[in-house]
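Please open the structure in your viewer and keep the selection tool at hand. The tour below goes from one stop to the next, saying at each what to select and what is there.

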Amino acid sequence: MTADGTEDATQGSLFGQPSRAEPRPATRPRAMTPAAARTLAASAAEARAVERPPRPGEAGRTTPMMEQYLRAKAEAPDALLLFRMGDFYELFGEDAVTASRVLGITLTSRSKGEGAIPMAGVPFRAHEGYLQQLIRAGHRVALCDQMEDPRLAQGLVDRQVTRIVTAGTLLEDDLLDRRASNWLLAVQPDGERCGLAWLDVSTGAFSVADVPVARAPDEVARLDPAEILLPESLLSGADGPFVQRLRRASRAPLVRGAEWTFASSNAHTLVKEQLRVASLLGFGLRDEAPAVRAAGAVLAYVRETQRGAAPAVSGLRVHDPSRSAALDRATRGCLELLATQRDGRREGSLLAVLDRTATAMGARLLREWIVSPLVEPARIVQRQSAVAELLERREAHERLLLALSSMPDLERIATRLLAGRASPRDLSALRAGLRLAPELRATLAGCDSAPLAQAGARIEPLPELLDALQRGLHENPPLQLNEGGLIAAGWNERLDGLRTLRDDGAAAMARFQAEEAARSGIASLKVGFNRVFGYYIEVGHAHADRVPAHYARKQTLAGAERYVTAELKELETSILQADEQARALETRLFLELRERAAQDGEALRTLARAVARVDVLCGLARLARERGWVRPEVDDGDLIDIRDGRHPVLDALLPAGRFVPNDVLLDRDAARLLLVTGPNMAGKSTYIRQVALLVLLAQMGSFVPATSAHVGVVDRLFTRLGSADDLAAGASTFMVEMTETAAILNQATSRSLVLLDEVGRGTSTWDGLSLAWAICEYLYEAVGARTLFATHYHELVDLADEFPAVRNLNVAVHEQGDDVVFLHRIVPGGTDRSYGLHVARLAGVPQPVIERARRILHDLEQRAPDLRPGAGEAPAGASEPPPVTEPLFPRPGAAVLDELAALDTDAVTPLDALLLVRQWQERLSVADGAAP
Ligand code: ADP
Ligand code: MG
């Protein structure tokens, strides 16, 4: 379907049926200028719904267009094919069915009955929104575009697949989250090592890393990619353990990459070609390194999806994972770093509280900083020094904030420039950004701290480019390239001349209207413009008798007639021609200007990255100032000593002064394991998370909410929630809880910080308690990690008797009669009772039930003073005999012996006896493993 419908008319349409045949316009302007053709195209689109009846014998025949379609489809068989026809992208067959379901668009079918082919279409002008929905729904989409101007095409319009759009290769601002990176990640395991390469095509940021296979899933979790590319062989057949771990680490789709793209010879050649280097040794990479193979696969995939166009990538960063603390997915989730656990939203996360950045570039960098806390005190101190300096130099800080607040996303603009896709608006945004650069540079030049001074040096204002944009680009250019209004007056003489001509034409048209009105005596006569047939004269029906004979009628409206005259059409032609020529020239001049800007693309990227750093640091300083945060002292030691620490998120959400601050003292020698006991809802979970968040903030270079803080850096941070808590979030089971716990026990080091929250809860009381005990012992003795364990198993307080560096803490409560007030204050010592009944009452359990429970509890306490609270909260295993007089540790066998002694052998069946023996055996073996 072409602008004027000729393709349908001459060739029939796809699948032997006319697709959306359009009536030829009844008349055409005399001179078919491009502008006039555009108006025609628009009217043709309006008439799109009109069908041409099928021609006899047409059905079932293979048409050239159908062949074209099938060829395109074969190029990207696993993608939905959007086939450009005039003003629409059309989908056919299965693709149409899928699209109509996902997008909620109408499914049509051209022929009725046998051989009917479903079709659906989306307007070209609005296709990005639909693309986004399809990608979000997990589809890949191939775009098949018209490669030539349909009006100029001889015969069938040439069409080619120009792009395969996938979640990891998005370029369009509208399809991307402005404030988050969009990584395409390739993973190449190789023996003990694993190569990773990740690229954001929208910014050109490209990195590789070589990590131990065991750490790969954590890195994947950290990156949170949009799409993960794996060698085909790993994804054929059932998932192996490695792939399973990747799936747990990320929700991104796993995509098969062709095996050869991961092959060393292809990969290193492609990587070198892209980076324009002869050797990768400068990056510290061997040609056959797994990271290089992954990098090659990423580049090959991008080329495939962009149909050969190389991505706008010029540098490569070799990421050293040992320079940041790893956070696995579970830890990120528990700590709600980027999104809340309950509903996955940004609000309520650490990111939401921390993000005071002014630019999208800064926002993206901040996310990276949050999930990659540093481990080297020297680097941390550098960032801190910048934040401190901004706090001190308030005026400089304000100036920077002001400049940043109107800074556009230079990083993505630079990438679009380098890819030859920048829009007129991009250039005007770039101009605005460059205008701000000198101010940023000058302010930063006055700063002493290394990060700020260095960033200042990297902000090259590019005065020549700015000058070209100031003088050349229109002050307020449109979004599209072909609408005119791109170039400023005075930039090009010929353009100015054409514009005068066109504007004179408009004045001439006004004169023409006045003259015609006078000549015909119809004062209300008006000249108008219409996209279908251009200029016309409009006369109300009331004056029909006075219309001159040489007026040719064009259109009848409810209240008026529209006419044209030869003179009018001549005038029109000269106006349209001047307009047309002006537009063509403007487009050319704009492309030149864009080309000019692209030459500075790399410099712009450097500038953008420097601005991003400054933005993040300014944001952190702003936060520290507004919320009264302090600079933590950071070193390589084992001490974590925080006074009056506050949970950064809760503190920000609660009314000022409501959050109760708490101290923490962790030290490998004196306070290695802190056991936090206390009733439900007292604040245990909040407290231990607060410690982790403050450590993380300190290690990313931020100030922290506390009156003072000392942080001996941790190499890894682990957090686990007992599955009873996690069940609320959805998919967890005790198995997951234990798998994750096993991962901690196997991976944590003596420099790690481990947080366990109600671990062991997902099973029956005695199982859970025994496991919790054994896990604590192992972390304490074998691993030696600094650990915080929040638990309602108050029995664990006995650990402190066994190990010198175990400290018991509990959450203070204030009792008033039957009422309990949670003070949220952490105090030394263990608890010996829980407040399950109180919580049950708060939760609305009816009073009679509470009363009855109180009596039962009282009874139990009378009968078995050793057995107090745990049973009130934990899911008690129904099958287990109540260990009435048995203190859990350290007399495991005694209770069994007592029961054996008391057993009435006449009263049990042989089968029951057998079961009892088995139970006893089990209890003995569990106790063996757990008790000291
Ligand atoms: P637990 O883990 O002991 O059951 P939580 O840590 O989940 O308790 O805390 C329960 C609620 O108590 C939190 O949602 C919060 O509203 C409040 N809370 C916890 N700690 C504090 C604190 N230090 N200051 C103020 N409110 C707190
Ligand atoms: Mg809790």
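Begin by selecting Cys 194, which is buried, with a relative accessible area of 0%, where buried means under 20% relative accessible area, exposed over 50% and partly exposed in between (1.4 Å probe, protein chains only). Before moving on, note that this is a predicted model, in which local features need pLDDT of at least 70 and side-chain atom pairs count only at pLDDT 80 or more, while totals for chains, interfaces and linings use all residues. Residues are numbered from 1 along each chain as its sequence is written, chains are lettered from A and ligands numbered from 1 in the order in which they are written, and side-chain values use heavy atoms, with hydrogens and water left out.

Next, select Cys 447, which is also buried, at a relative accessible area of 6%. The closest cysteine sulfur to that of Cys 447 belongs to Cys 618 and is 8.5 Å away, too far for a bond. A disulfide is a pair of cysteine sulfur atoms within 2.5 Å, and a search of the whole structure finds zero of them.

Now move to Asp 218 in helix H6 (residues 216–223); helices (H or I, at least four residues) and strands (E, at least two) are DSSP runs, numbered from the N terminus. Asp 218 is buried, with a relative accessible area of 9%, and its side chain makes a polar contact of 2.3 Å with the side chain of Arg 716. A polar contact is a pair of N or O atoms within 3.5 Å; within protein, one must be able to donate a hydrogen and the other to accept it, and residues adjacent in sequence count only if both atoms are side-chain atoms.

Then select Thr 707, found in the loop between H25 and strand S22 (708–712). Which residues does Thr 707 touch, not counting those up to four places away in sequence? They are Val 630, Arg 643 and Asp 644, a contact being heavy atoms within 4.5 Å.

Finish at ligand 1, where an oxygen atom is 2.6 Å from an N or O atom in the side chain of Thr 686. An oxygen atom of ligand 1 also lies 2.8 Å from a backbone N or O atom of Lys 684.
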